[in-house]
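Subject: Structure handover

Hello,

Here is the structure I promised to pass on. Please open it first, then read my notes below.

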Amino acid sequence: MSCQLLRKLLISAVVTGLCASVQANTTNTPADPAEIIDTGAAPVAPAIRIALLLPGRTGIFGAAADAVRTGFLTAYEGEKQGVIVNLVESGDTPADMLKTYLSALDGNDIIVGPLSRNGAALIAQSGKVGKPTVALTQPEGEADAALPPKMLVVALSVEEEARQAAAWTEREKTGGKIFAVSTATAWQRRTVKAFIAQSRILGLDVTPLELSVGANALSASGLVQLKQRMDADRPALLFVALDAQQAIQLRSSIGADTPLYGISQLNPRNQSADPDSRQPELDGVKLLDIPWQVAADSPAVSMYPRPIVDNPQQHNADLDRLYALGIDAYRIALEIGRTHKNFDIDGVTGRLSVNIDSSGSHFQRTETPAVYQDGIVVPAQGQR
């Protein structure tokens, strides 16, 4: 997930309800047992009440929340029998989010949210997570910390993509060292750190290399030095924690002979607003991304409509991913609401696995290995 989309969310605290049509059940005890009539009808299960805790549509980052909300309600419309969804708008500070979260616990069975790393951290640390809570982002500072047993984190994570990329390179490399290339940008450093940590577990030899940036482009002198280093060390491959434009610039400098691997930020294709966009300069580059972005024709993805984009210039690939996250968040919450403890979902953000036991709530997303062909990203053949 793009970290830029998950900064401080500026909204007011408002609570709105969106309810499925569920009739209330009332039972009157008859005075005389002889009056009881057995109709043979099965008892009606109570509705599953799910609260979606997100910021409002206004503010700089309202588009991110709106994308998740729209995806969530899209999935709800397709499978809403016996479900009540309450849309809960939080305030713009972690304290506001915690206050709204605590209010949402009363009257709901499951809470989905928040979208703020700091807000999720405060909720996790509050000691008040008494009902299943599906967090949409990794709590700040909680990557290696124990989470409350009822909190399940389903965030789209560049770190997790990097770990999966490390396993992929371990399967495919032919020998020699690996260069892990990034700039000083925070998400890129985090990505490289996760890649290196997983690579070392797998016994891979990885050298981190950080490029400087000037005038919105990679430093020309830094690229020259990288090329010289590659000529001397002849790495087996490069893991690039870069965006697509930076990767294009890098490739124009070092050539296309050395294999490049990366994560979803190498794929800026806006499926909803500009499905014909292409990046032929990256043909052959391998990356991890969600099925929503790379396997639009698969049954698991094609059953859901693409979001309607009013302003293509303000829409981007990360908003498409957040829309997809909303779809899968609803499906996960619904399974939890049905009291399922261990389940798998063929999701639009990957193959999802949830395990809830005495040790806590555990989640795993496996994304799609993909490759650039003819300027677009498609699933890599023979990879799962």
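How many aromatic pairs does the count come to? The rule covers rings of Phe, Tyr and Trp (its six-membered ring), which pair if their centres lie within 6.5 Å; planes under 30 degrees apart count as stacked, over 60 as edge-to-face and the rest as tilted. The count is 5 aromatic pairs.

Some ground rules. This is a predicted model, where local features need pLDDT of at least 70 and side-chain atom pairs count only at pLDDT 80 or more, while totals for chains, interfaces and linings use all residues. Residues are numbered from 1 along each chain as its sequence is written, and side-chain values use heavy atoms, with hydrogens and water left out.

**Aromatic pairs**

Trp 168 and Tyr 261 pair edge-to-face, at 5.4 Å centre to centre and 90 degrees between the planes. Trp 168 is in helix H4 (residues 158–172) and Tyr 261 is in strand E12 (residues 260–262), so this pair ties together parts 93 residues apart in sequence. Helices (H or I, at least four residues) and strands (E, at least two) are DSSP runs, numbered from the N terminus. Trp 168 counts as buried, at 1% relative accessibility. Tyr 261 counts as buried too, at 4%. Buried means under 20% relative accessible area (1.4 Å probe, protein chains only), exposed over 50%, partly exposed in between.

Phe 195 and Phe 239 are stacked: 4.0 Å centre to centre, 5 degrees between the planes. Phe 195 sits in helix H5 and Phe 239 in strand E11 (residues 237–240), 44 residues apart. Phe 195 is buried at 0% relative accessibility. Phe 239 is buried at 0% as well.

Ring pairs also link Phe 72, Tyr 76 and Tyr 330 into a cluster.

**The sheet**

An open sheet holds 7 strands in the order E8-E7-E11-E12-E13-E17-E18, with mixed pairing. Two strands pair if DSSP finds at least two bridges between them. E8 and E18 (376–379) stand at the edges with a single partner strand each, so one side of each has no neighbour in the sheet.

E7 (residues 178–182) and E8 (residues 206–210) pair in the parallel sense over 5 bridges. Ile 178 stands opposite Val 206 in E8. From E7 the chain crosses through H5 (residues 186–201) to E8, a right-handed β-α-β crossover. Right-handed means that, with the strands pointing away from the viewer, the path from the first strand over the helix to the second runs clockwise.

Ala 370 has Pro 379 in E18 as its bridge partner.

Best wishes
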